[in-house]
Amino acid sequence: MNIAIVGTGYVGLVTGTCFSEMGINVTCVDVDATKVENLRNGIIPIYEPGLEQLVKKNYAGGRLTFTTSLAEVIDRVQVVFIAVGTPPDEDGSADLRYVLEVARTIGSMINRHVVVVTKSTVPPGTGEKVRAVINAQLAARGVDVDFDMASNPEFLKEGDAVSDFMTPDRIVVGVDSERARRVMERLYKPFMVVNDRLVFTDIASAEMIKYAANSMLATRISFMNDIANLCALVGADVNMVRRGIGSDTRIGNKFLYPGIGYGGSCFPKDVKALIHTAAEHGYDMRVLRAVEQVNNDQKRVLYDDMVSHYGGKEHLRGLHVAMWGLAFKPETDDMREAPALVLIDLLLQAGATVTVYDPIAMNECRRRLGDKVGYADDKYEAARDADALILATEWKEFRVPNLVRLHTLMRGNAVFDGRNILDATDLKQAGFFYRGIGVC
């Protein structure tokens, strides 16, 4: 089976690589010639555990190829995936210009039946827009070529995307023809050997499922952060509360960990887009607007805790702060919408200096912030002469620091744990001031 993936970003590259691992012939298409040449040479544009090895393996095996020209392969593929970016527009809506541009390209060159699949995260109704654009191109060419539409939203977690794709808990496919259903069943059959978790819906419902799923997870995070903030005020321990409510089988324990807010490329963008989609249809997503507001506020909670601890914003001037973690979550270098960026900006505005360390995201931080912050080679170097330490990302290497060494290196003794992964009792016994999220 031959397929094409248009877009070699996070979704497109993972999708194409994992399909090729199952023996499918995949051509990944991207307009960026430099990126394509790098991929041919085994240079991966993103950090994702396990991905680089699979790209090199399947490229060497001839199952995975890269090109800048969809025209080269369009006549020999059965499926074309659209996996380009849908960044948020100024009003929060999903920017569909790249998706529709790919649709125009497809319509301008197809000569035989293909299934056109939107893999990009798009609002309900996008499938019909893509269909209309392709039909308009076919009409302009004066040709009658049969094609089918499908929606196949991705549910990949950054840092675990390869595993998520290879052993999915569900695969959602929206179709409106039996022919498209048969093609997509054949495509995903290698992933269904152990469990058949292929869920077919109509196209609009598949598009909605992606937004609804991410919005529900974002809601759980913001709800727990709201509870954590109240716990701090009433003297409760949010970790005990989390375990208590998570043991209820109707609720479960996933996405109930309090912290300094969600970030990344999915949750912020998708929540905004769903709010905007609802507004276009005259409906107000009141719960999601609150979710977004809580998340925006949560990203500055540790800064507010520092202001309180030091007796006012003016006392942050001249302080030196160490920050452990920059990426929005561990096992990625993605700093899009990362809480660390908000905290750094607030601290710099207050006149503090900041030295940062992250196992993976240092280059991304340099690209974003340049010389606004200092950079350390490891977590202890970052803490040298620091008045305060902020833990912003829950990397495993931060879980059990050498507290004696840390106390010796730091000038001050304040630790602000934005992910509640440090042992508060051990820190206090070692002479540190500790403040977590919903715990003191």
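Which residues do ring pairs link into a cluster? Select Phe19, Phe81, Phe165, Tyr188 and Phe191: those are the members. Keep in mind as you go that this is a predicted model.

**Inside the cluster**

Start with Phe19 and Phe81. Their ring centres are 5.7 Å apart and the planes meet at 40°, so this pair counts as tilted. Colour by secondary structure and you'll find Phe19 in helix H1 (residues 10-21) and Phe81 in strand E4 (residues 79-82), so you're looking at a link between distant parts of the chain, 62 residues apart.

Now hop to Phe165 and Phe191. Here the centres lie 5.4 Å apart with the planes at 80°, so call this one edge-to-face. Phe165 belongs to helix H6 (residues 161-166), while Phe191 sits in the loop between helix H7 (178-188) and strand E8 (198-201), so the pair ties together parts 26 residues apart in sequence. Both of these phenylalanines are buried.

**Charges over rings**

The charged end of Arg170 sits over the Phe155 ring, 3.8 Å from its centre. Then do it again with Arg405 and Tyr380: the charged end of Arg405 sits over the Tyr380 ring, 4.1 Å from the centre.

**The nonpolar cores**

Time to go inside. The largest nonpolar core has 61 residues, and Met323, Leu326, Val356 and Ile390 have the most contacts within it. Centre on Leu326 and show its neighbours. Leaving out residues up to four places away in sequence, Leu326 touches Met335, Ala338, Ala340, Ile344, Val356, Asp358, Ala361, Met362, Cys365 and Thr393. Apart from this core lies another one, of 43 residues; select Ile24, Val36, Leu51 and Phe200, which are among them.

**Both ends of a helix**

Last stop: helix H2 (residues 33-40). What reaches to the backbone nitrogen of Thr34 at the helix start? Zoom in on Asp32, where a side-chain oxygen comes to within 3.1 Å of that nitrogen. Then slide along to Gly42, which follows H2 and has a positive phi, near 80°.

Definitions and conventions
Residues are numbered from 1 along each chain as its sequence is written. This is a predicted model: local features need pLDDT of at least 70, side-chain atom pairs count only at pLDDT 80 or more; totals for chains, interfaces and linings use all residues. Side-chain values use heavy atoms; hydrogens and water are left out. A nonpolar core is a set of buried Ala, Val, Leu, Ile, Met, Phe, Trp, Tyr and Cys residues joined through side-chain atoms within 4.5 Å. Buried means under 20% relative accessible area, exposed over 50%, partly exposed in between (1.4 Å probe, protein chains only). Contact means heavy atoms within 4.5 Å. Rings of Phe, Tyr and Trp (its six-membered ring) pair if their centres lie within 6.5 Å; planes under 30 degrees apart count as stacked, over 60 as edge-to-face and the rest as tilted. Helices (H or I, at least four residues) and strands (E, at least two) are DSSP runs, numbered from the N terminus. A charge sits over a ring if NZ of Lys or CZ of Arg is within 6 Å of the ring centre and within 35 degrees of the ring normal. A polar contact is a pair of N or O atoms within 3.5 Å; within protein, one must be able to donate a hydrogen and the other to accept it, and residues adjacent in sequence count only if both atoms are side-chain atoms.
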